[in-house]
Amino acid sequence: MGGIATLILGWLYAYRDAEFVGGGLSSVLQNGTFAIREPSGSEDSLSPGTQSETLRVLMFSALASHLVSVTSTVLVTLLAYRTATQWLHASEDPDNINLTPIQHGLLIRTLGSGSLMSIINTIRYTSRTRRAAAPRFFKEALVGVTGIYILSHTVGLADLWLHSGARSISVIRPVPVEAEALYGIGYDEDRCGPFNKTALPCQKLIAPYLGGIWWAPEMQWIYFESYDTVLDVNPYKRVEYIDNTAVLVPGPGKGFESQGFSFNTHGLRVECASLKDRCNTMKSPSLDSLAPYISPVTNCSKGGYPQIPYYTSGELKLSGRDTRNIKNFVLGIIGDEMGGMIHGTPDFSSAWTTNPASTVVQLRWMNESAPSITETVGVRYLNAWDLYATCSMTFLDILARYDPIESKWSILETNLSQPELASVFWTPMIFQMGTDDLVHALRPYVMSRGQVALGVLESSMAKYTMGYAAPLTNFVAASNITTTEPLTLGLYPTTPTLFLVGCLYIYSLVALIIFFLSCTSNNRMITVPRHLTPGGEKDEERSALDVAQTWLTDPLPLMGSMFPGRDGRHAARSVESDPLRQVYDSDWELGKVGIGLYRGDNGEMIFGLVRLNSSRSRRYGRLFPVLDEESALQEKAPIHGSAAIVPSLALIRKTDG
């Protein structure tokens, strides 16, 4: 049993799943569960396509419980050798305390069967106050058998406890694979050109068109890829918003869903603040009395942006109506210059920005009604709503990871991108590529949702900027590639598992002690003369210990001594080690043994065993002695001073022998 206990511990260690408990033995004990990876089994014939796994620890536990139940009887038999040795030694000296007949009978029941009732009856006897003194080996045998019985059934209960608490779960775990996967995203210098500060950022894609300067006017594929990415229909590139950062990730067309991987990419984090409270407003007594919710802005010079709002014609009326041609712009700020309102990045003397890059946003919604005017970050005119905000754009080089089990993207590491790369990536927005998208995204929020509107502005501006920069990137190799593998975990509660293992080790120790004691037990040999042996050719030797052990564990030797058979072989049979050969067994016509009432030597009626030697007759398929049934029915047997009639039991006369 110690081997199975060691096997269980070794199996728990060899196939442990550290990810489930997240640590060593202390974590397992704190968690209260052993988690092991169950080896894959064969395909289930009842459910094709599925795998079945056997909970190995439960199999070992059931095997141990079964072996303990089988070997416990063997241990009791071995214990009987120790008791037989002591009995033989006690029988050699008449002064020693020896067994009484009832004690011998109780030992036969206890050592022969080891059942609960035999143990209880023996314990009841030993607990009597008035009884004959019992030898020490009688008590030792009782304690040993009781201990083996309790220990064997404790193992069974521990096995049941473990079975009731164990369970299995299915999980999906990553498995490293060697493969080259182009899932990373990097800047494509071939598409945009090298960083050349004597020219515009991405000068290669900027060209005159229809009397102005445009972004990639003759490259429609750039617009298609940009719009698809912004609308999230690009099969190869997507923008994920992770931890307040817009990150370029591979799209589903790359077929990565079943793989986990780490990859380099680019991202953008935007932080915006409203200029509403840092702008100069027009003072008008009529507005204060008639429309106090209107706060028309003349300019934002108080906040450091005198050109905001930017317009080229029109004026602000005293009535609060604004006829200025305020358009939607995302304008870049480089030093003291503001650009993007006319030709995009060519508006600057040098369009290479720093990182973070600074922008100011100016958006207008004409003739819009608002359900609330108390929480807005917008500026209210009589005929329009405006939003003025400054935004800091931080471009990042990102190391990210995709988890196929949870289908989740995560950022592992971020670093500031080169200012040159930031200048390239913000160029499409300075050419007003995403301005109209911002207007549509903010419309439900700007008039009544306050800080929510600023959050939407930040996330939308980040996603649109990276979406329009997507065509300027290409795919690069990813790293740490893994694939998913379905796995069955066996979860075994620690308390019943360790309790079972402890019981098995204790049982093994007890078995070793009993085995050692039985091996060291010895006694003299008994010689059987040749004329009493089955062959009659030579003398045979029998171990007195074997014979005595048989007399302690089996009632057959006692039956053989009571009914020797008188065939001249009873002397040899008395020392046979095989109990089946210690009892006289004639054919069916000769001596038989019956049980019932018979007359004793003094004429008293006794219930017990009797040899049947008289002639017989068959009745209803059974053998009965031929007796006077009427006299048997009229016979009265005294029982504790009372008379009882036994009408259905044949009265059997006591016979000789």
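Modeller: In this predicted model, a residue is called buried when its relative accessible area is under 20%.

Biologist: Which residues of helix 14 are called buried?

Modeller: Those under that 20% cut-off in helix 14 are Thr494, Pro496, Thr497, Leu500, Val501, Cys503, Leu504, Tyr507, Ser508, Ala511, Ile514 and Ser518. For the chain as a whole, buried residues make up 45% of the 657 residues.

Biologist: What makes the span of helix 14 close to the expected one?

Modeller: The expected span is 1.5 Å times one less than the number of residues, and for helix 14, which has 27 residues and runs over 494-520, that expectation is 39 Å. From the first C-alpha to the last, helix 14 reaches 39 Å, and the span is therefore called close to the expected one.

Biologist: Why are helix 4 and helix 5 called roughly antiparallel?

Modeller: Helix 4 (residues 56-92) and helix 5 (residues 101-113) pack at an angle of about 155°, while their axes lie 10 Å apart. Angles over 145 degrees count as roughly antiparallel, and therefore this pair is given that description.

Biologist: Which residues make the contact between helix 4 and helix 5, and how do they divide by kind?

Modeller: Helix 4 contributes Val76, Ala80, Thr83 and Trp87, and helix 5 contributes His104, Leu107, Thr110 and Leu111. Sorted by kind, the residues of this contact comprise five nonpolar, three polar and no charged.

Biologist: How many helices and strands does the chain have?

Modeller: The chain has 18 helices and 27 strands. Among its contacts with a separation of 6 or more, 67% are between residues 24 or more positions apart.

Key: Residues numbered from 1 in each chain as written. Predicted model: local features only at pLDDT ≥ 70, side-chain atom pairs only at ≥ 80, totals over all residues. Heavy atoms only, no water. Helix = DSSP H or I, 4+ residues; strand = E, 2+ residues; numbered from the N terminus. Buried < 20%, exposed > 50% of the residue type's maximum accessible area, 1.4 Å probe, protein only. Contact = heavy atoms within 4.5 Å. Axes fitted to C-alpha atoms, helices over the stretch in contact; angles between N-to-C directions. Parallel < 35°, antiparallel > 145°, perpendicular 65-115°, else oblique. Nonpolar A, V, L, I, M, F, W, Y, C, P; charged D, E, K, R; others polar.
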